[in-house]
Amino acid sequence: MRDQPEGRPVLSCPACAKATLEPWKDSATGLEIDCCSECRGFWFDGEELSRLFPSQELFSRVFRLELDALTPEPGGERGCPRCLKALKLTRALEVEIDVCRHCRGIWLDAGELLLLVRSYPGRHEGDLMVLNQLASGLASAESQQAALRTLLEVLGQNE
Ligand SMILES: [Zn+2]
Ligand SMILES: [Zn+2]
């Protein structure tokens with residue numbers, strides 16, 4: 001295990017278990033999310049998913065990784081990296097997502113954020129815990145446009 005600054009606990013990846021999550025920080029907003037460099041999934045505590053969209057730096061970094069994402073091994077039971085309770089499988093915008101009902105964290109496997117943002121302009125059906133964060137993150141027209149601009153920019157660079 002690595003030393004963590006300021007006593008930050010080491011989080012294990014819920015998908016690959018042996019890997020630990022690496023903190024990714026936005027220098028402008030201070031938002032810090034956790035990324036697995038093995039399977040390229042992301043962990044969002046509390047309201048962090050909604051805070052991702054206004055964070056230009058992290059949002060484009062996440063999308064760059066999303067685009068060449070690996071398909072994760074279909075795992076068995078997944079545990080919450082934060083509170084260690086079992087993650088529950090839920091659905092939002094037709095995407096299957098693991099969430100923790102205890103600490104309200106959200107785990108997105110590689111590629112799932114891209115699917116969510118792409119499907120967002122359509123019907124808003126599914127898990128409210130996830131949808132509310134998408135809605136508040138993409139609430140303003142500016143943040144929706146910024147998200148789409150980043151998406152197109154990243155897509156353009158990968159062609
Ligand atoms: Zn992983
Ligand atoms: Zn939890």
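**Notes on the predicted fold**

1. In helix α4, the residues Val-130, Gln-133, Leu-134 and Gly-137 are buried, where buried means that 20 or more other C-beta atoms lie within 10 Å of the residue's own, exposed means 12 or fewer, and partly exposed is anything in between, with C-beta atoms placed from the backbone. They span an arc of only 100° around the axis, which places them on the same side of α4; the arc is that of the directions from the helix axis to the C-beta atoms. Helices (H or I, at least four residues) and strands (E, at least two) are DSSP runs, numbered from the N terminus.

2. Before going further, please note that this is a predicted model, in which local features need pLDDT of at least 70 and side-chain atom pairs count only at pLDDT 80 or more, while totals for chains, interfaces and linings use all residues. Residues are numbered from 1 along each chain as its sequence is written, and chains are lettered from A and ligands numbered from 1 in the order in which they are written.

3. Gln-133, which lies in α4 (residues 128-137), is buried, because 24 other C-beta atoms lie within 10 Å. Leaving aside residues up to four places away in sequence, Gln-133 touches Glu-47, Leu-49 and Ser-50, a contact being a pair of residues whose C-beta atoms, placed from the backbone, lie within 7 Å. Gln-133 and Leu-49 are 84 residues apart along the chain, yet their C-alpha atoms are separated by 6.2 Å.

4. On the overall layout, the protein has 5 helices and 6 strands, and from the N terminus on its elements run β-β-β-α-α-β-β-β-α-α-α. Of the 159 residues in the protein, 34% are buried. Among contacts between residues at least 6 apart in sequence, 56% join residues at least 24 apart.

5. Helix α2 (residues 56-67) has 12 residues and reaches 17 Å from its first C-alpha to its last, which is close to the 16 Å expected, the expected span being 1.5 Å times one less than the number of residues. Its buried residues are Leu-58, Phe-59, Val-62, Leu-65 and Glu-66. They cover an arc of only 130° around the axis, which puts them on the same side of α2.

6. Cys-35 in β2 is the bridge partner of Glu-22. The hairpin of β1 and β2 has 6 residues between the strands, and there Gly-30 takes a positive phi near 80°.

7. β4 is joined to the antiparallel strand β5 (residues 95-99) by 5 bridges, and the bridge partner of Ala-92 in β5 is Val-95. Strand β5 is mostly covered, with 4 of its 5 residues buried. Most residues other than glycine have a negative phi. In the hairpin of β4 and β5, however, which has 2 residues between the strands, Leu-93 takes a positive phi near 50°, and Glu-94 has a positive phi of about 70° although it is not a glycine. Glu-94 counts as exposed because it has 12 C-beta neighbours inside 10 Å.

8. β5 and β6 run antiparallel and are joined by 2 bridges, with Trp-107 in β6 as the bridge partner of Asp-98. Their hairpin has 6 residues between the strands, and Arg-104 in the turn has a positive phi of about 60°. Arg-104 is partly exposed, because 16 other C-beta atoms lie within 10 Å.

Key:
Pairing = 2+ DSSP bridges. Contact = placed C-beta atoms within 7 Å.
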